[in-house]
Amino acid sequence: MRTTPRGNGGVSPEHKPDLPAQNRLLAALPADVRERLQPDLESVPLALGAVIYEAHDALSYVYFPTTAIVSLLYTMENGSSAEMGVVGCDGVVGIAVFMGGDTTPNRAVVQSGGDAFRLPLKPFREEFRRSGELHRLLLLYTQALLTQMSQTAVCNRLHSVEQQLCRWLLLSHDRLQSNDLIMTQELIANMLGVRREGVSVAAHRLQQDGLIRYRRGHITIIDRPGLESRVCECYQVVKKECDRLLARPLNPLGPCA
Amino acid sequence: MIPSIPELALMRGLRPDPGNNRGCAIERRGAPERMSRPPARGLLAPMPASNPVLVRNRILSTLAKTEYRRLRPGLEQVALQENEVLYAPGDVVRYIYFPDDAVVSLLFDVDGHRTVEVAMEGNEGAVGLAIYLAGVNSCNLSIVRDPGTAMRMEVNVLTKCANQRGRLQDLLRRYVHALVTQVAQAGVCNRFHSIEARLARWLLMTQDRVGSHELRATQESIARMLGVRRSSVTAAAGRFHEQHMIDYCRGRIEILDQRRLRAASCSCYGIIKRQYDSFLN
């Protein structure tokens, strides 16, 4: 089934087969709901750079990432874009489907290759309409995403590139099961909506201080507490709100749980 | 550390409603009137259900007559004063506000000493709804930027109504999705676009919500909302003034030429507006 190359170090060598429980939302569902959804849940590989949906696309599936990380990018008319939200094993891609907005002006692009479970709209909507646990969890998740986007907006405007880079690395690390990110500085600059040189200077400083190591498209996080001491408050605000709302630690299977 | 709802209730001398497991309906001991900060100044007396009230809130006015009639006894018209805090961090949502012509700013606190507007909610909105979804407000400050009237409804009554047949639940969900879009789109806009384009967007968005060409805002307050220096706002507003697109004096801004202001704004205004228009259809 896995035809798309992973192209990603974000998976530990002792990679176990993906289970729906690796996604926090799916894991939090009661057994009866999960049993109802199970026959329609399909594990799919998401390759780095793959576009899950373009702005104003009608969606055919919702995606629950397990090891993949997906960026929600908002674009400008001149083509530049910035990441306003990041969805990994903590969330779901495609809130427009259940919030009823039909389409959305953002694009969803795989930022770190890995796996996800996807669910076709029909069984998903049927379960959502039962107004049970799935309904409740997804509304909570939407609120967590709203907090993440608000805080990202504020952070982008007011904090240094170094602080933003630390935030971005920590948010990604929380959603990965490894200390290795496959990511170029160019891509990070696009996500943060800043110039590449700004990211280079900040990454260089973090490397000099022994917090990360980078080489041609790989970033390794060496000193997580060090990054936490350099990041702005935005990281904690988002993480706390997400943890509080979903009441489970992020990355329960990962090394930094 | 975010206190749990019972802790929060204890801290404020409040009592969680045992019938509501999210603990969102909370009453003040002895004084059931209101839970957010300033005492309800200028509260209009609740109007009898038979008395027609001009409802300009777009969610309420989109509802079918029969559904609105079912809601009506639970709605109360209130006057929202300038700078009134509707929700502060730690508050539990008791009312959802449906503004007619009041505009509420959703502010985020940064570094503990300044706030930035991440969204505005007006006649298209249901203020407090997004916070209600989360159970308790942990991060944002909802403050009345433009005074005016709103209809408000207790959250537990609203929940009951939304669970009955009709469009309300769907509209409320769609509203939250439009709000998510606004926060994100305004976020990238503030990142990439010129102050002039952002100021134009902000003025147009405010005008849409106030429903008038005349806005109450000082350059100081706009600068705070946009998270820029006051002098930048002064320069941009000065250029709009020279081109007869706006006029301003002493805390008032009049929009003279909406069409050209729209041309001066970025595409973000249109993107956000379309999302809001489509959620009501």
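The contact between the two chains takes 39 residues from chain A and 36 residues from chain B, where two residues are in contact if their C-beta atoms, placed from the backbone, lie within 7 Å. This is a predicted model, in which local features need pLDDT of at least 70 and side-chain atom pairs count only at pLDDT 80 or more, while totals for chains, interfaces and linings use all residues. Residues are numbered from 1 along each chain as its sequence is written, and chains are lettered from A and ligands numbered from 1 in the order in which they are written.

**Chain A side of the contact**

- At least two residues each come from β5 (81-87), α3 (95-99), α5 (133-158) and α10 (233-246) of chain A; helices (H or I, at least four residues) and strands (E, at least two) are DSSP runs, numbered from the N terminus.
- The most is given by α5(A), with 16 residues.
- By class, the side of chain A that touches chain B has 18 nonpolar, 14 polar and seven charged residues.
- Ala, Val, Leu, Ile, Met, Phe, Trp, Tyr, Cys and Pro count as nonpolar, Asp, Glu, Lys and Arg as charged, and the others, Gly among them, as polar.

**Chain B and its domains**

- Chain B has 11 helices and 12 strands.
- Of its 281 residues, 46% count as buried, that is, with 20 or more other C-beta atoms within 10 Å of their own C-beta, which is placed from the backbone.
- Among contacts in chain B with a separation of 6 or more, 73% join residues 24 or more positions apart.
- Chain B is assigned domain 1 (5-165) and domain 2 (194-265), with bounds from an automatic or database domain assignment.
- Domain 1 of chain B puts 11 residues into the contact between these domains, and domain 2 of chain B puts in eight residues.
- On the domain 1 side, β6 (103-110) and β7 (114-121) of chain B each supply at least two residues, and β7(B) gives the most, with three residues.
- That side of domain 1 of chain B holds three nonpolar, three polar and five charged residues.

**Nonpolar core**

- In soluble globular proteins, nonpolar side chains tend to be buried together.
- The largest nonpolar core has 161 residues, and those with the most contacts inside it are A:V92, B:I96, B:Y175 and B:V183.
- Such a core is a set of buried Ala, Val, Leu, Ile, Met, Phe, Trp, Tyr and Cys residues joined through C-beta atoms within 7 Å.
- Helix α6 (residues 168-192) of chain B provides the largest share of this core, 14 residues.
- Leaving out residues up to four places away in sequence, B:Y175 touches B:I59, B:G125, B:A126, B:L129 and B:F279.

**A sheet in chain A**

- Three strands of chain A form an open, antiparallel sheet in the order β1-β7-β3; two strands pair if DSSP finds at least two bridges between them.
- Its edge strands, β1 (42-46) and β3 (61-65) of chain A, each pair on one side only.
- Five bridges join β1(A) and β7 (residues 114-120) of chain A, and A:S43 stands opposite A:F117 in β7(A).

**Residue B:N156**

- B:N156 lies in helix α5 (residues 155-162) of chain B.
- Because 16 other C-beta atoms lie within 10 Å, B:N156 is partly exposed, the class between buried and exposed (12 or fewer).
- The C-alpha atoms of B:N156 and B:R94 are 8.1 Å apart, although the two are 62 residues apart along the chain.
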